[in-house]
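I opened a new page in my notebook for this chain.

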Amino acid sequence: MGYTTLQRVGNAVRHARLSQDMTQEKLAELTETSYTYISSLERGQRNVTIKTLDRIAEACRTDLFHLLQLDGPEDETIVEILALLISRDRLDRQKVLNIVREMFRSH
């Protein structure tokens with residue numbers, strides 16, 4: 001079953017926040033909202049205005065249009081893995097790729 005639009009937006013916000021290694025509290029502070037709002041937004045339980053999404057994008061060092069590219073993975077584990085990798089440099093990402101390839105290499 002697919003996610004709702006609100007859940008997909010929430011996942012995008014979570015992904016952007018985690019890519020900056022930021023807590024919900026810090027994002028709330030930077031966007032002049034509350035951490036409970038950010039939490040419910042990330043869970044797909046709250047609607048969000050374009051203005052607030054723009055502040056979230058700015059706080060996460062991205063732009064609104066990148067944030068709204070909602071065609072990313074819906075699997076929460078993959079979203080978290082991507083969030084961790086995005087903030088790392090190319091060499092670290094290559095190391096992780098090599099490790100994963102080794103893990104799944106058929107014998």
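**Entry 1: the overall build**

I counted the elements and found 7 helices and 0 strands in the chain. Helices (H or I, at least four residues) and strands (E, at least two) are DSSP runs, numbered from the N terminus. From the N terminus on, the order reads α-α-α-α-α-α-α.

I noted that this is a predicted model, where local features need pLDDT of at least 70, side-chain atom pairs count only at pLDDT 80 or more, and totals for chains, interfaces and linings use all residues. Residues are numbered from 1 along each chain as its sequence is written, and side-chain values use heavy atoms, with hydrogens and water left out.

I then checked the confidence. The score is pLDDT, the predictor's confidence in each residue, from 0 to 100. The chain averages 86, and 90% of the residues score at least 70. Which elements have the lowest and the highest mean pLDDT? Helix H6 (residues 76–86) has the lowest, at 75, and helix H2 (residues 24–31) has the highest, at 97.

I looked up burial next. Buried means under 20% relative accessible area, exposed means over 50%, and partly exposed lies in between (1.4 Å probe, protein chains only). Of the 107 residues in the chain, 30% are buried.

I also looked at contacts, meaning heavy atoms within 4.5 Å. I took the contacts with a separation of 6 or more, and 57% of them join residues 24 or more positions apart.

**Entry 2**

Two packed helices are described by the angle between their axes and the distance between the axes. Axes are lines fitted to C-alpha atoms, for helices over the stretch in contact, and angles run from 0 to 180 degrees between N-to-C directions.

I started with helix H1 (residues 5–19) and H6. They pack at an angle of about 30°, with axes 7 Å apart. H1 and H6 are therefore roughly parallel to each other. The cut-offs are under 35 degrees for roughly parallel, over 145 for roughly antiparallel, 65 to 115 for roughly perpendicular, and oblique for the rest.

H1 passes H6 in a right-handed crossing. A crossing is right-handed if the near helix is turned clockwise from the far one by less than a right angle, and left-handed if anticlockwise.

I listed who makes the contact. H1 gives Asn11, Arg14, His15, Leu18 and Ser19, while H6 gives Glu76, Val79, Glu80, Leu82, Ala83 and Ile86. By class, this contact has 5 nonpolar, 3 polar and 3 charged residues. Here Ala, Val, Leu, Ile, Met, Phe, Trp, Tyr, Cys and Pro count as nonpolar, Asp, Glu, Lys and Arg as charged, and the others, Gly among them, as polar.

I also picked out Leu84, which lies in H6. At 52% relative accessibility, Leu84 counts as exposed. Leu84 and His15 are 69 residues apart along the chain, yet 8.9 Å separates their C-alpha atoms.

**Entry 3: H2 against H3**

H2 and helix H3 (residues 35–42) pack at an angle of about 110°, with their axes 8 Å apart. That makes H2 roughly perpendicular to H3. Their crossing is right-handed. On the H2 side I found Gln24, Glu25, Leu27, Ala28 and Thr31, which meet Tyr35, Ile38, Ser39 and Glu42 in H3. This contact divides into 4 nonpolar, 3 polar and 2 charged residues.

**Entry 4: the covered helix**

How many of the 8 residues of H3 are buried? I counted 6, and H3 is mostly covered. They are Tyr37, Ile38, Ser39, Ser40, Leu41 and Glu42. These buried residues pack against H1, H2 and helix H4 (50–59).

I followed up on Glu42, in H3. It counts as buried, at 2% relative accessibility. Leaving out residues up to four places away in sequence, Glu42 touches Gly10, Asn11, Val13, Arg14, Arg17 and Gln24.

**Entry 5: positive phi**

Most residues other than glycine have a negative phi. I looked for positive values. Gly44 follows H3 and has a positive phi, near 80°.

Asp21 has a phi near 55°, positive in a residue other than glycine. Asp21 sits in the loop between H1 and H2. Is Asp21 buried or exposed? Asp21 is exposed, with a relative accessible area of 69%.

Arg61 has a positive phi too, near 60°, and is a residue other than glycine. I found Arg61 in the loop between H4 and helix H5 (64–67). Arg61 is exposed, at a relative accessible area of 73%.
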